[in-house]
Amino acid sequence: VPPPQLGRLELDRGPSLLPHSSLETYETIPGPSKITYLLQAIRNNATPEEARQMAAVLLRRLLSSAFEEVYPALSPEDQTLVKSELLLFIQLEMQSTMRKKICDIVAELARNLIDEDGNNQWPEVLKFLFDSVNSQNVGLREAALHIFWNFPGIFGNQQQHYLEVIKRMLVQCMQDQEHPSIKTLSARAAAAFVLANELNAPLLKHFADLLPGILQALNDSCYQNDDSVLKSLVEIADSVPKYLRPHLEATLQLTLKLCADANLSNMQRQLALEVIVALSETAAAMLRRHTNIIAQAIPQMLAMMVDLEEDEDWANADELADDDFDSNAVAGESALDRMACGLGGKLVLPMIKEHIMQMLQNPDWKYRHAGLMALSAIGEGCHQQMEGILNEIVNFVLLFLQDPHPRVRYAACNAVGQMATDFAPGFQKKFHEKVIGALLQTMEDQGSQRVQAHAAAALINFTEDCTKLVLEQVVTSIASVADTVEEKFVPYYDLFMPSLKHIVENAVQKELRLLRGKTIECISLIGLAVGKEKFMQDASDVMQLLLKTQTDFSDLEDDDPQISYMISAWARMCKILGKEFQQYLPVVMGPLMKTASIKPEVALLDTQDMENMSDDDGWEFVSIGDQQSFGIKTAGLEEKATACQMLVCYAKELKEGFVEYTEQVVKLMVPLLKFYFHDDILLRNSTSMPLLLECARVRGPDYLTQMWHFMCDALIKAIGTEPESDVLSEIMHSFAKCVEVMGDGCLNNEHFEELGGILKEKLEEHFKNQELRQVKRQDEDYDEQVEESLQDEDDSDVYILTKVSDILHAIFSSYKEKVLPWFERLLPLIVNLICPHRPWPDRQWGLCIFDDVVEHCSPASFKYAEYFLRPMLESVCDSSPEVRQAAAYGVGVMAQFGGDSYRPVCPEALPLLVRVIQSPDAKAKENVNATENCISAIGKIMKFKPDCINVEEVLPHWLSWLPLHEDKEEAVHTFNYLCDLLESNNPVVLGPNNSNLPRILGIIADGEIHEAIKHEDPCTKRLANVVRQVQTSGGLWTECISQLNADQQAAIQELLNSA
């Protein structure tokens, strides 16, 4: 293949460095040949400089992306030649930019020549580094530092051996006063080395004394218009904050000084502030010890927020231009928000409150604007502290809706909208009257369209609590109000509906399609709010309008805003119409599936490409290494998530009516369990799985099994790989529900093997995380806020533990004792959960798992009694009500399902259960569920193991504790047992001459009042029959009824009417 004409290539502005025709030529060359040709181009000084640089970039990319394909294919001699030539090029190259690009190639090659054991297979490069760093040639010293900065792991498993040499090299270079470039590069290299060894605590401690040199280089480089060292410090603050601890005061003082220096560029000042803000997020406890710095940083952020431009056309600009995200004002606001969240309101609010109050009284509009924006920014972080003074804040902010300057009025709208989100729903309940009135008045602001628009947006925030899209039109505000007040909107229905229908019929021009889409949404939201009965008068017209729009879908452009509104509207119509909606599925499913099937554009880019694309609309990037980033174009993802949510809605509402579509939906949804780009899409897909199985059940067991086989592997793999706990918990819950739907036989040996390994891993991770939190509690920076953060982590871990319990419950209830041999691999971990020293949630869920073992796997469960029986009995009187409840339930199922082996448990448990029931605060809100489980457990002992205790002695006490009404499941058990006793004319229950009957009717009436039993439950019929029996006895009935109050009498009548 002839060499490509590298000398004539030109740089392109797009992601590719090569013009299209040259790129095609280049791509046809075999990989090893590419190395040869690119080296030739780099070597040839007659080649234009731009083309030589491009050849260097292409060679580095080739080694980065295809090393295994191209380099090993070279002969050993050629490999040696490549390595020696590259080092020679650096020594001969006179041009600084080109030398750096060759250094990048050397670093990339060295990175790939470290083997799995950490051996550097290019020892010559290490000799080159040592020789160059000690050279008198400044260019070579720069080259050595650049290579080390690019690949700080270049020493491989020899790093420890060379540690002192590395340190001496970096210190020596940072002390070079003659050559600023050496000082800067050595500081960056030292930072890169620290970042590369972030988990090596002894090394970080050993290199701590390099930090003053890094800080000095940072200061000097900033005033030479170079922010590279500052960026390195931001990375350290973000990833290795503990490294800064020995010199934290100096670090903070320097970054604060730089942030305040107006002679520096905005970007440099913002980066300096970012160091402090990043530390508030990654090392909040450490930073909180330096209150003097925080107290100085807050006014600095506020000063940046005042840095606003005058703009005469602002008030009535037609298009809302994007905020200038590089501006100091936006950066200051963002920093304040993050710092308040990171450090907590207890520290931040007292420091900032007076500053904001002074700003709000300043005659300069910029200060008033900044004060209101600051108030918006701190709401989330200072939530708890601001709640107590919210009335005072709201009254004050509403005054600024009348401010003479439109941008201050705008900021006041912003503050109201943000508070509506941050303090929902209490904010809405307390302040609806004054806030809605003030915002409606502001929406009539004739002086500024933008203020009107923002007032409408604030009203949407207020009515929707936390809306996703800040919508402009008043029609959306109407929809939001209807959605919030629900049936209270009925009186206004006839006022609005004709106008809304008129808009949908007539707003057909292209420029009105957003208005039309929002109106369609508004109509469907109003229909859902007022209910089917009221909406049916217009339902037919609305459906025809929707159908007409739907049939025109093929004419709509892919980005037509009506599409997403239509998809949501159909789902709401489905909720309103129920089964009657099934007839419209053929029309709605096509566009819905098309939207749900959107495939996002993704790209793997290196840093230079990413910089070219960063301004491209809709791309987001995640770094996945030193030189590469993963990009995804997020346009369409929200619509895809909405469409997936709608499919879930149809499956849930229509059940078997959706069966025709289950197969295609499953084929779409299951692969999306690996769709890591959007959490909502993952959540919707996992939620859909059990619902789709329910839909498919009508097709028979073979069809259902086939569908389940398609889902099962993907669900199990998702449980093993999903990193986000919110998504993971939903996937685990869905899997448990699917197993309950499918029952015995739904998992094969491979499934059990994989699932067992995953559950074991989750439990081990649970214990490990608890240990790590205990270590953090011993840290010198531990404080109250750290504890709050650790509690949040703990809550998240416990939630995953509840899902482990859900999965085991589903398996035990489906497979019974057959699954016990499989369970034994998890047994030691479950036993560990119920140890006395473990936190109460561990003991609660550990006992729940053993409750399931007893309930579903008895009598075989008794072989494990040695592990759980004693802890369960001891937990009946535990200080935690949740643990008491789990233990009491366990005693009940032992009596009900356990068999003869558990008989001795009953007399031992009885006094413990009674002690809980008779404690003074047994019926307190936090204790009532545990108490009711104790009462139910005693009922089960009397019913299923009557010969183990003296039933006649216990019965009167048990009757006095009835009814149960909080725990509906246990209420059914107790009422069923009461019916057993009454139907058998138990003398103890009836009392002498039926004297207990008034009390029994009172118990039944109270159960009805508290809706303890659903009317469709067979127990309701039994209770009604008991009441009818008493009715036939004339005088006795009159006497019983006379002893009931009016509510109880009405409840008895309701019971008789319902059964």
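I count a charge as sitting over a ring if NZ of Lys or CZ of Arg is within 6 Å of the ring centre and within 35 degrees of the ring normal. I noted another such case at Arg-699, which lies over the face of Tyr-703 at 5.2 Å from the ring centre.

Before going on, I wrote down that this is a predicted model, in which local features need pLDDT of at least 70 and side-chain atom pairs count only at pLDDT 80 or more, while totals for chains, interfaces and linings use all residues. Residues are numbered from 1 along each chain as its sequence is written, and side-chain values use heavy atoms, with hydrogens and water left out.

**Aromatic pairs**

I next looked up the aromatic pairs, and the structure holds 21 of them. Rings of Phe, Tyr and Trp (its six-membered ring) pair if their centres lie within 6.5 Å; planes under 30 degrees apart count as stacked, over 60 as edge-to-face and the rest as tilted. One of the pairs is formed by Phe-148 and Phe-155, which are edge-to-face, with 6.0 Å centre to centre and 70 degrees between the planes. I checked accessibility too, where buried means under 20% relative accessible area, exposed means over 50%, and partly exposed lies in between (1.4 Å probe, protein chains only). Phe-148 is buried, at 1% relative accessibility, and Phe-155 is buried, also at 1%.

Another pair, Phe-489 and Tyr-492, is tilted, with 6.1 Å centre to centre and 50 degrees between the planes. In this pair Phe-489 is buried at 3% relative accessible area, whereas Tyr-492 is partly exposed at 46%. I also noted that Phe-148 and Phe-155 belong to one aromatic cluster together with Phe-130, Tyr-162, Phe-193 and Phe-207.

**Helix α13**

Helix α13 has 13 residues and reaches 18 Å from its first C-alpha to its last, close to the 18 Å expected at 1.5 Å a residue. The expected span is 1.5 Å times one less than the number of residues in the helix. Its buried residues include Leu-248, Thr-251, Leu-252 and Cys-259. I looked up what these buried residues pack against, and the partners are α11 (211-222), α12 (228-239), α14 (266-282), α15 (284-288) and α16 (291-305). Contact here means heavy atoms within 4.5 Å.

I found Ser-805 in helix α38, residues 784-815, where Ser-805 is buried at 4% relative accessibility. Not counting residues up to four places away in sequence, Ser-805 touches Trp-845, Cys-848 and Ile-849. I also noted that the C-alpha atoms of Ser-805 and Ala-736, 69 residues apart along the chain, are separated by 9.3 Å.

Gln-844 is in helix α41, residues 840-857, and is buried at 14% relative accessible area. The side chains of Gln-844 and Trp-845 are joined by a polar contact of 3.3 Å. A polar contact is a pair of N or O atoms within 3.5 Å; within protein, one must be able to donate a hydrogen and the other to accept it, and residues adjacent in sequence count only if both atoms are side-chain atoms. With residues up to four places away in sequence left out, Gln-844 touches Glu-882, Val-883 and Ala-886.

**Cysteines**

I searched for disulfides, meaning pairs of cysteine sulfur atoms within 2.5 Å, and the count comes to 0. The sulfur of Cys-934 is 7.6 Å from the closest cysteine sulfur, in Cys-877, which is too far for a bond. Cys-934 is buried at 0% relative accessible area.

**Backbone exceptions**

Most residues other than glycine have a negative phi, and most peptide bonds are trans. I therefore set the exceptions apart. A cis peptide bond joins Ser-858 and Pro-859, with omega about 5 degrees, and another joins Leu-962 and Pro-963, with omega about 0 degrees. Pro-963 lies in the loop between α46 (951-960) and α47 (968-983).

Lys-655 is not a glycine, yet has a positive phi of about 50 degrees, and is partly exposed at 44% relative accessible area. Asn-993 has a positive phi near 55 degrees, and is exposed at 76% relative accessibility.

Conventions: Helices (H or I, at least four residues) and strands (E, at least two) are DSSP runs, numbered from the N terminus.
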